[in-house]
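I opened the model to look up a few positions and one chain contact. My notes follow the display.

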Amino acid sequence: MSTPHDDFDVIAAYREDTLTPKEKAAFVARLAKDNQLQIQLDLYDNLTDFLVTEEIARTKTLTNTLIAQKHAKGKKRVWLTYLLNYKKRVVAVAAIILVFIGLFWWYYPASQRNADLAQHYFSASQTLSYHPNTMSSNVLDINEKKLLEAHELYEKKVYVEALNILKNYSLTTDAAILLTGVCEYELQNYSAAITSFLSLSNNPNSDRVGLARWYLALTYIATNNTTAAIPLLQTIIKDKSAYYEQARALLAKLKT
Amino acid sequence: MDTKKFTHFFNECYDYCIVQKRLVQFVGNQVDAEEIFAEAISKFWVKSAAGAIKHTANLKGLLLVIAKRLWIDRRRNKKEAMQYAIDWGEVDDSFLKIAALYTSTDPLVHKEETVAAEQWQEKRAIAFSTAFAQLDDKCKRLLNARHVYKISAAVVAKKMGFNSARVVTTLTSRCKKKLLRAVYNLL
């Protein structure tokens, strides 16, 4: 193919302002007459615009290909896409949650959890507010499970078996001692019951003192020892501990 | 163009605008939304890489706004074109002669000029595309880097493994003339 004459070198020099004044004047004079030179200058001036348009078109083709790929893959769920695109954020949130869980377990050690559990367990000994099956087996250690078993048996009025469990596993917590006493009381083994209740009621650090005093008073009444029962009931009323109302009623009855 | 970077950016923006229906709801249907999205992201990518758009935060939000504006512009242009368009083929010459009595420019001449200008623009664009496609890869990359993305000659030299910035400048100048000559020959 034959190449026609072109003036792009001169045009470049003209635009870069490297022509001498004489050459420049000649170029301008020629430009006014020469149609082909005008076309060449127009091409030279619009080159960047052409290149930008071409690059945009190329990018658009690439975009359309990517869109077609998306269509081919099928629509993903929004949340899955979010997870994939925002992996860092998801990992960061998960890490923060894990740190909080770790701090919680660190500040709230196992012994404290068990203590809280026991307190919850015997907050009112006559009503068991939860059942072992409803709780996670990991939370409770074996003694606590046995204690719950014993309490279940107590509620079913199977006192002897409840006592067997309590004695076989040598359960020595305040809750276990209280339950032992209550079972002995129900079986009318008053001396054994009194021993259990006394050990609790004489221990000021125990949080079962109020309950132990109430049951001790009941045991004394059952053994016709009202003189020992009355001060206990008065203490319950004074301390406003568990069975306060019942204690008042019982004391009034005893006094009459 | 860094295709990997672009694909990552595309994925983020596509989810934001199309999957999460932000642009689809605005435009009204998925097909048009994807078309306008492709146009917006292409323009945005090229122009922002060239430094024409100074914005670094929430790029996908900015892209969504650009796509919406493009859509509004397109609708407006379409409406105006429908209102004022003249199909020269359907206009009888006798009407144009009558109209010439009331206008300073000859409608017949104006008609020919308009058509010729449109044809020239189209021919020029085709010639340019053809000539650019015929260029070798090195020239294409150099011209894009220097003229589209406005990367300095020193950086281009480092990226493309040339000895110096002067070499890049000389090669770019040669490629530019090569391209212009090819376009000129095609016209």
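Is Asn224(A) buried or exposed? I found Asn224(A) exposed, because 8 other C-beta atoms lie within 10 Å. (Buried takes 20 or more other C-beta atoms within 10 Å of a residue's own, exposed 12 or fewer, partly exposed in between, with C-beta atoms placed from the backbone.)

On the source: this is a predicted model, in which local features need pLDDT of at least 70 and side-chain atom pairs count only at pLDDT 80 or more, while totals for chains, interfaces and linings use all residues. Residues are numbered from 1 along each chain as its sequence is written, and chains are lettered from A and ligands numbered from 1 in the order written.

I placed Asn224(A) in the loop between helix 12 (209-222) and helix 13 (226-239) of chain A. (Helices are DSSP runs of H or I, at least four residues, numbered from the N terminus.) Its phi is positive, near 60°, and the residue is not a glycine.

I then checked Lys157(A), another non-glycine residue with positive phi, about 65°. Lys157(A) sits in the loop between helix 8 (142-155) and helix 9 (159-168) of chain A. It counts as exposed because it has 9 C-beta neighbours inside 10 Å.

Next I looked at Ala176(A), in helix 10 (174-186) of chain A. Ala176(A) has 24 C-beta neighbours inside 10 Å and so counts as buried. Its C-alpha atom is 9.6 Å from that of Leu148(A), 28 residues apart along the chain.

Last, I noted that 27 residues of chain A and 33 of chain B form the contact (C-beta atoms, placed from the backbone, within 7 Å).

Methods:
Helix = DSSP H or I, 4+ residues; strand = E, 2+ residues; numbered from the N terminus. Contact = placed C-beta atoms within 7 Å.
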